[in-house]
Structure formats: C-alpha cells, structure tokens
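I opened this notebook to record what I looked up, entry by entry. Each entry takes one part of the structure.

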Amino acid sequence: MKIDRRFFIRKVLAVGVLLALPRILFAARPDKAFAATDGDEAMATLFGETPVASDRVVLKIPEIAENGAVVPVTISTDLENVESISVVVAKNPTPLAASFALGPRSVANVSVRIKMGESSQVLAVVKAGGKHYSTSKDVKVTIGGCGG
Amino acid sequence: MGKPIKIRAKMKGDIAEVKALMPHEMEAGFRRDPATNERVPAHYITDVVAEHNGDVVFTAYWGPAVSKNPFVSFSFLGAAVGDTINLHWKDNKGDSSATEAVFK
C-alpha cells in the first residue's frame with residue numbers, strides 16, 4: 001500500500017497531539033503502541049522519545065529462558081513519581097508485551113509472565129516524573145513461545 | 001463470563017501485596033490449528049484494574065505476548081489488614097471476570 005504524503009503528515013500531527021495531551025488521558029489502553037510490529041515503533045508511539053538508560057530501573061528476567069511461552073519478568077525501580085512501567089520484547093511480533101499504569105500509592109515493583117518468540121533484547125521502561133528510563137537485558141530462548 | 005481469578009492479598013508491613021492468577025488462554029493469534037490449518041483468532045486479556053477503597057491503585061494493559069493463564073503481582077501503600085481489594089479484567093472479545101480479596 002502506498003501512503004500518500006498528506007495522510008502521513010496528518011498521522012504524524014495526530015500522534016503529536018495525542019502525546020502532548022496530559023497523562024490523565026493515558027487512562028486508556030495504548031492500543032496503537034500494542035499494534036506496533038517493531039520495537040522502536042512501539043516505543044516511539046508509547047513514549048514519544050527514546051528512553052534514557054538508567055541503572056535505577058531493575059529488570060529481573062532469566063538470561064536463558066528454557067520455555068519461551070512462560071518467561072517471568074519482575075521490574076522495580078527506586079525512582080520517584082513513577083507513572084508507568086512497560087515491558088518491550090524487541091523481536092516479538094508484537095513487541096509491547098505489557099504496560100502498567102501506576103498511581104500515587106503504587107509501589108514500583110511489578111511481576112508478570114510473558115511469551116518470547118525467539119532470543120531477544122528485553123527492555124523495561126519506567127516513566128517517572130514525565131521522563132522515560134530503561135534497562136535492557138538479552139534473553140536467550142531455547143524453545144519459542146509464539147506457537148506456529 | 002471469564003473464568004474466576006485466583007487472588008492472594010497480603011500486608012507486608014506498610015506494603016499491600018497482591019498476587020493474582022487469571023485462567024485465560026491468551027491466544028496470540030499467530031498459531032494455526034493443527035487439524036484445520038486455520039489461524040486461531042487472537043483472544044487475550046487487554047485490561048486489568050485493581051481498586052482499593054474506590055481508588056484505582058493498579059492498571060495493567062496487556063498485549064497478546066503475556067503468557068497463558070497470566071500471573072501478575074503488584075504492591076501499593078495505604079491499605080490495612082481487613083481491607084478489600086477488587087480486581088477485574090476484560091479481554092479483546094468483551095469477556096470479563098472480577099474478584100475481590102481481603103488483606104491478611
């Protein structure tokens with residue numbers, strides 16, 4: 001499909017406006033980011049910027065996942081004013097696996113289990129005080145978990 | 001109606017910790033049925049919301065890459081033993097399930 005230029009410009013503007021809106025509106029599932037098929041695209045849609053690498057984001061995930069269908073992930077941080085925590089698996093068909101919206105009473109420590117289709121870099125992205133911080137780890141998958 | 005959620009809510013000092021297991025197939029939509037070779041349509045939980053005293057304390061937005069029968073754990077402050085936590089999910093086909101638990 002050919003994308004005409006007008007349409008593209010309109011799309012870019014629309015995304016820009018959406019990202020500029022206050023985060024209260026984030027109280028809806030970021031469907032667009034979930035639909036992205038590329039890790040960078042998912043992150044650009046969800047965060048609007050490239051997260052800054054930070055060792056204050058702690059990503060606990062096995063280095064070798066024997067079963068890609070069930071990979072336990074725990075993300076925590078000592079950053080303050082945490083607004084959201086997201087998990088991105090760079091090489092998955094849908095890279096954004098999960099995004100957690102936290103409130104003022106939340107403790108920034110979340111665990112979930114994800115599927116990994118193949119060995120990939122996994123990113124944990126924390127939004128705190130309006131900025132994005134990330135930590136990544138390379139996970140080796142012995143048996144892929146996307147079926148097929 | 002979705003299958004019932006298994007939930008455990010525990011106070012660890014000031015921190016209220018919730019662990020939940022939600023039986024759900026979490027079909028990603030990439031798999032083919034071995035018998036018919038038809039693509040199995042995606043069916044997965046998209047939203048999980050936890051409320052304490054009418055306050056949303058945790059929201060999870062999920063894609064199809066969350067494992068089958070999802071497990072999630074999260075923590076928050078400001079709860080006490082005997083308080084109730086409400087947890088509910090909905091999926092991409094409009095199914096839902098809800099449960100509540102009392103902090104121990």
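**Entry on the strands of chain B.** I looked up B:Ile7 and found that its bridge partner in strand E2 of chain B is B:Ala20. The model I am reading is a predicted one. I then noted the pairing to which this bridge belongs: strand E1 (residues 6–12) and strand E2 (residues 15–21) of chain B run antiparallel to each other and share seven bridges. The hairpin that these strands form has two residues between them, and there B:Gly13 adopts a positive phi near 70°.

**Entry on strand E2 of chain A.** Which residues of strand E2 (residues 57–60) of chain A lie on the covered face, and which on the uncovered one? I found A:Val57 and A:Leu59 on the covered face, with A:Val58 and A:Lys60 on the uncovered face. E2(A) pairs with strand E4 (residues 71–77) of chain A through four bridges, in the antiparallel sense. In E4(A), the residue opposite A:Leu59 is A:Ile75.

I next took up A:Ser76, which belongs to strand E4 of chain A. Leaving out residues up to four places away in sequence, I listed its contacts as A:Arg56, A:Val57, A:Val58, A:Ala108 and A:Asn109. I checked A:Ala108 in particular: its C-alpha atom is 5.3 Å from that of A:Ser76, although 32 residues separate the two along the chain.

**Entry on A:Thr135.** Is A:Thr135, in terms of accessible area, buried or exposed? I found a relative accessible area of 17%, so A:Thr135 counts as buried, the cut-off being under 20%. This residue is located in strand E9 (residues 131–143) of chain A.

I then looked up what surrounds the side chain of A:Thr135. One of its polar atoms lies 2.8 Å from the backbone oxygen of A:Ser54, and a polar atom of the side chain is also 2.6 Å from the backbone oxygen of A:Val57. Beyond neighbours within four places in sequence, A:Thr135 has contacts with A:Ser54, A:Val57, A:Leu59, A:Val122, A:Leu123 and A:Ala124.

**Entry on the interface.** How many residues does each chain bring to the contact? I recorded 33 residues from chain A and 33 residues from chain B. The buried area between the two chains is about 2400 Å², and carbon and sulfur atoms account for 53% of this area.

I searched for salt bridges between the chains and found one. The side chains of A:Arg105 and B:Asp55 form it, with 3.2 Å from N to O. I also noted 18 residue pairs in polar contact between chain A and chain B, counting pairs with both residues at pLDDT 80 or more. Strands E6 (96–102) and E7 (106–114) of chain A are the elements that give two or more residues to the side touching chain B. E7(A) provides the largest share of that side, with eight residues. Sorted by class, the side of chain A that touches chain B comprises 20 nonpolar, nine polar and four charged residues.

E6(A) pairs with strand E4 (residues 55–62) of chain B in the antiparallel sense, over five bridges. I noted that A:Phe100 stands opposite B:Ala60 of E4(B).

Notes:
Residues numbered from 1 in each chain as written. Chains lettered and ligands numbered in written order. Heavy atoms only, no water. Contact = heavy atoms within 4.5 Å. Buried area = accessible area lost by both parts, 1.4 Å probe. Salt bridge = Lys/Arg side-chain N within 4 Å of Asp/Glu carboxyl O. Polar contact = N/O pair within 3.5 Å; in protein donor to acceptor, adjacent residues only side chain to side chain. Nonpolar A, V, L, I, M, F, W, Y, C, P; charged D, E, K, R; others polar. Pairing = 2+ DSSP bridges. Buried < 20%, exposed > 50% of the residue type's maximum accessible area, 1.4 Å probe, protein only.
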